[in-house]
Amino acid sequence: MKQIRFSFVEWFILIMVVFFGLDTAWDYYESTDKAKKAAEAVFTATAKELGKDILQIEKAAETALLTMEAAFEAGAMDFLAPELMNVLIMPRMKIYPFITSVNYGDVDGNGYLILYAGGIWKNRIKKGHERDSVLWTVLDEKGRVISRERKKDDYDPRKRPWYKNALDK
């Protein structure tokens with residue numbers, strides 16, 4: 001068997017390759033450790049911000065519900081007079097822009113929706129006795145009706161999960 005002999009230059013190159021490999025491995029370890037710590041910091045900060053946002057959404061939803069409850073108790077929740085509900089609800093939606101719609105219905109199948117989408121305020125009004133259509137209205141910034149359009153639709157609030165969940169409570 002022939003013995004392998006390295007010259008000084010070959011030994012030098014071999015040692016340099018080993019040191020380079022160790023240095024690269026160490027740099028990789030340090031950079032992944034730093035990246036991991038940075039990611040943990042970002043995730044922690046994001047979780048804190050989300051927690052704040054969730055509390056704000058809960059408070060806004062509670063305010064909207066209290067407004068609706070007060071309107072109901074005052075006899076102001078009239079499905080035939082959505083302009084009144086618009087005046088009550090729109091200001092709260094403007095304060096909390098992440099609330100983009102409010103929807104309610106009654107046991108007779110009447111339903112009211114106020115929706116803010118694409119910079120436009122709308123109502124969807126469903127009277128329980130109307131089986132195949134709903135009335136959509138476009139509103140101005142004060143909740144007054146600008147235009148009306150009846151559309152073919154079998155919408156019934158009593159069939160919606162939010163309605164069924166409300167009955168269970």
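Glutamate 130 sits in the loop between strands E3 and E4, and that makes it a handy way into this predicted model.

E3 covers residues 120-126 and E4 covers residues 133-139. Together they make a hairpin, with 6 residues between them. The two strands run antiparallel and are joined by 5 bridges. If you want a pair to click on, take lysine 122, whose bridge partner in E4 is valine 138.

On we go to the next strand. E5 spans residues 145-152, and it pairs with E4 in the antiparallel sense over 7 bridges. This is another hairpin, here with 5 residues between the strands. Serine 133 stands opposite lysine 152 in E5, and tryptophan 136 stands opposite glutamate 149 in E5.

So how enclosed is E4? Of its 7 residues, 5 are buried, which means that the strand is largely enclosed by the rest of the structure. What does valine 134 touch, once its neighbours within four places in sequence are left aside? Its contacts are Arg124, Ile125, Lys126, Glu149, Arg150, Lys151, Asp153 and Tyr155.

With a relative accessible area of 4%, threonine 137 is buried. Beyond its neighbours within four places in sequence, threonine 137 is in contact with Trp121, Lys122, Asn123, Val145, Ser147 and Arg148. As a general point, side chains in a regular strand alternate between the two faces of the sheet.

Let's zoom out to the whole sheet. It is an open sheet of 5 strands in the order E1-E2-E3-E4-E5, with antiparallel pairing. E1 and E5 are the edge strands, each pairing on one side only. Neighbouring strands are turned by 20 degrees against each other on average, ignoring direction. Within the sheet, E2 and E3 are joined by 7 bridges in the antiparallel sense, and alanine 117 stands opposite isoleucine 120 in E3.

Then there are the helices. H1 has 66 residues and reaches 96 Å from its first C-alpha to its last, close to the 98 Å expected at 1.5 Å a residue. Which of its residues are buried? They are Ala60, Ala64, Thr67, Met68 and Ala71. H2 and E1 are included in what covers them. Just after H1, glycine 75 takes a positive phi of about 75 degrees. For a sense of scale, compare threonine 44 with valine 134: they are 90 residues apart in sequence and 46 Å apart in space, C-alpha to C-alpha.

Finally, what ties helices and sheet together on the nonpolar side? The largest nonpolar core has 17 residues, of which Met85, Ile89, Met93, Val102, Tyr112 and Ile114 touch the most other members. At least two residues of this core come from each of H1 (8-73), H2 (82-95), E1 (101-105), E2 (111-117), E3 and E4. The largest share, 4 residues, is supplied by H2.

Note on methods:
Residues numbered from 1 in each chain as written. Predicted model: local features only at pLDDT ≥ 70, side-chain atom pairs only at ≥ 80, totals over all residues. Heavy atoms only, no water. Buried < 20%, exposed > 50% of the residue type's maximum accessible area, 1.4 Å probe, protein only. Pairing = 2+ DSSP bridges. Core = buried A, V, L, I, M, F, W, Y, C linked by side-chain atoms within 4.5 Å. Axes fitted to C-alpha atoms, helices over the stretch in contact; angles between N-to-C directions. Expected span 1.5 Å × (residues − 1). Contact = heavy atoms within 4.5 Å.
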